[in-house]
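Here is a short note to read alongside the model. Keep the viewer open and check each point as you go.

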Amino acid sequence: MNDGKPRDAGAAQDETRDNRSLVDNNTAQTLSSEDIEAMKREGASGDAIVEALIANSSTFGNKTVFSQEKYKLKKQKKYAPKVLLRRPSTRSICETYFKKYPARIGFMRVDTLSLLLSMANVGAYSDVLAVDMVGGLVVGAVAERLGGTGYVCSTYLGSAPSSIDIIRMYNLNSEMTSRIFQAPLSDLCSLKTSGDAPGSIQGDEPGVVPDESFQSSLEKPSDTEVSDGNAQSTTAQPIDIEAPEPATDEHLNQGDISMPDCKGSNGNSIAPKAPRAGKAPSPERMKYWGEHGFSSLIVAAPGHEVESVVADLLPLLSYSAPFAIYHQYLQPLATCMHSLQVSKMAIGLQITEPWLREYQVLPSRSHPHMQMNAFGGYILSGIRVHKPDPLGARVQEKSSGATESMLVSL
């Protein structure tokens with residue numbers, strides 16, 4: 001449609017060109033690979049090689065402007081690549097593994113991972129329980145979102161801990177790393193047998209230690225240990241053999257890792273080594289989790305039976321704590337959802353299928369990507385509630401029936 005304005009000559013010329021007559025038979029390029037290698041040995045830059053390829057292409061002039069730009073970008077990526085250094089993030093790590101090693105992260109897309117964190121209500125000062133069988137991607141994402149304010153406990157089945165090597169890719173600081181723990185599921189379940197259910201209302205027991213009091217009580221022995229590191233103690237104190245470990249953990253949590261006396265052989269200062277992620281939690285921290293429960297739960301275990309795992313994990317949560325379970329297939333989550341509905345251990349149960357469509361946004365070429373993954377797995381979410389006692393319900397029903405009979409007699 002002509003609006004009366006003069007048309008550009010280049011645009012009019014471009015309309016006469018198309019790609020119908022182009023045949024990809026590897027004869028349009030007269031510059032051979034030997035010539036390109038000779039240019040590289042002579043010290044030619046990548047841009048010069050790209051210009052030489054364009055000049056020696058017999059079909060470049062017959063292509064449309066869009067095809068010419070695609071051709072230039074393709075050759076620039078091969079002969080004149082550009083590297084941009086960026087700080088690693090959950091999105092970049094997840095997208096990289098999804099493109100190169102999707103089976104290692106359980107075929108979890110970045111939108112699925114973000115939905116897991118949102119449905120589990122992961123936020124500051126949270127105590128998150130995670131079952132990470134996807135290489136540590138979930139644990140690293142939780143630690144990044146906590147920002148060094150809460151705790152994340154990665155539990156595992158059996159005696160051998162699951163691998164969480166992907167956490168190293170996040171480049172977390174020492175404060176975030178020191179708040180990542182690993183504990184077997186058997187040790188966490190054994191805490192329930194020694195006390196009341198997590199999240200229940202308890203009296204003034206001496207064993208209950210709040211979070212703030214717990215941290216402040218451990219800071220004192222840590223300071224004493226650091227300041228009197230060269231002195232020998234002459235007073236025997238009846239302490240537990242594992243007591244120094246939580247004191248060191250809390251000392252690292254406070255960010256006091258700068259050691260000015262750390263110097264190398266040549267006198268130069270050496271940066272202290274960051275603490276390793278996935279250490280065993282202290283007994284005080286384990287006791288606190290056993291009495292108060294975790295604030296949220298995330299499960300990403302594609303190779304395990306979800307129903308049995310969730311049945312052991314839900315009692316470890318506090319009441320009204322949200323949970324989110326990821327699986328590559330729908331049927332295991334449907335079976336788990338039916339089991340939770342029958343046992344009445346959770347409410348608000350729903351299965352969500354994440355959906356993502358990426359778009360290419362360019363002038364006159366905005367459209368969905370031609371190659372996309374249409375499958376992102378499924379997520380089962382809900383809220384843990386107190387399981388009703390059948391005996392208590394019958395007693396309440398009998399008492400209400402007796403009250404009604406008394407009213408009728410009156």
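1. Start with Asn62. Asn62 touches Arg17 and Asp18, leaving aside residues up to four places away in sequence. Contact means heavy atoms within 4.5 Å. Asn62 and Asp18 are 44 residues apart in sequence, yet 7.0 Å apart in space, C-alpha to C-alpha. Asn62 sits in the loop between α3 (46–55) and α4. With a relative accessible area of 43%, Asn62 is partly exposed. The cut-offs: buried is under 20% relative accessible area, exposed is over 50%, and partly exposed is in between (1.4 Å probe, protein chains only).

2. Some ground rules. This is a predicted model, so local features need pLDDT of at least 70 and side-chain atom pairs count only at pLDDT 80 or more, while totals for chains, interfaces and linings use all residues. Residues are numbered from 1 along each chain as its sequence is written, and side-chain values use heavy atoms, with hydrogens and water left out.

3. Now the whole chain. The protein chain has 16 helices and nine strands. These are DSSP runs, numbered from the N terminus: helices are H or I with at least four residues, strands are E with at least two. Of the 410 residues in the protein chain, 37% are buried. Take the contacts with a separation of 6 or more: 79% of them join residues 24 or more positions apart.

4. Gly278 lies between α12 (244–253) and α13 (283–292). Is Gly278 buried or exposed? At 10% relative accessibility, Gly278 counts as buried. Gly278 touches Ile164, Ile180, Phe181 and Gln182, again not counting residues up to four places away in sequence.

5. Thr90, Ile93, Cys94, Tyr97 and Phe98 are buried. Seen down the axis of α5, these buried residues fall within an arc of 125°, so they line one face of the helix. The arc is that of the directions from the helix axis to the C-beta atoms. An α-helix has 3.6 residues a turn, so residues three or four places apart point the same way. On the other side of α5, Arg91, Lys99 and Lys100 are exposed. The cover over the buried residues of α5 includes α6 (110–119), α7 (137–146) and α8 (167–170).

6. Repeat the exercise on α15 (residues 331–343). In α15, Leu333, Cys336, Met337, Leu340 and Ser343 are buried. They cover an arc of only 135° around the axis, which puts them on the same side of α15. Gln331, His338 and Val342 are exposed, on the face turned away from the buried side of α15. The buried residues of α15 pack against α14 (306–313), β5 (322–327), β6 (346–352) and β9 (378–384). Lys344 follows α15, and its phi is positive, near 55°.

7. Finish with the largest pocket. Which residues lie nearest the centre of the largest pocket? They are Lys63, Glu69, Lys70, Tyr71 and Lys74, out of 25 lining residues. Helix α4 (residues 65–79) gives the most to this lining, with eight residues. A pocket here is an open set of points on a 1 Å grid over the protein atoms alone, where a 1.4 Å probe fits, with protein on both sides within 12 Å along at least five of seven lines; lining residues have an atom within 4 Å of a point.
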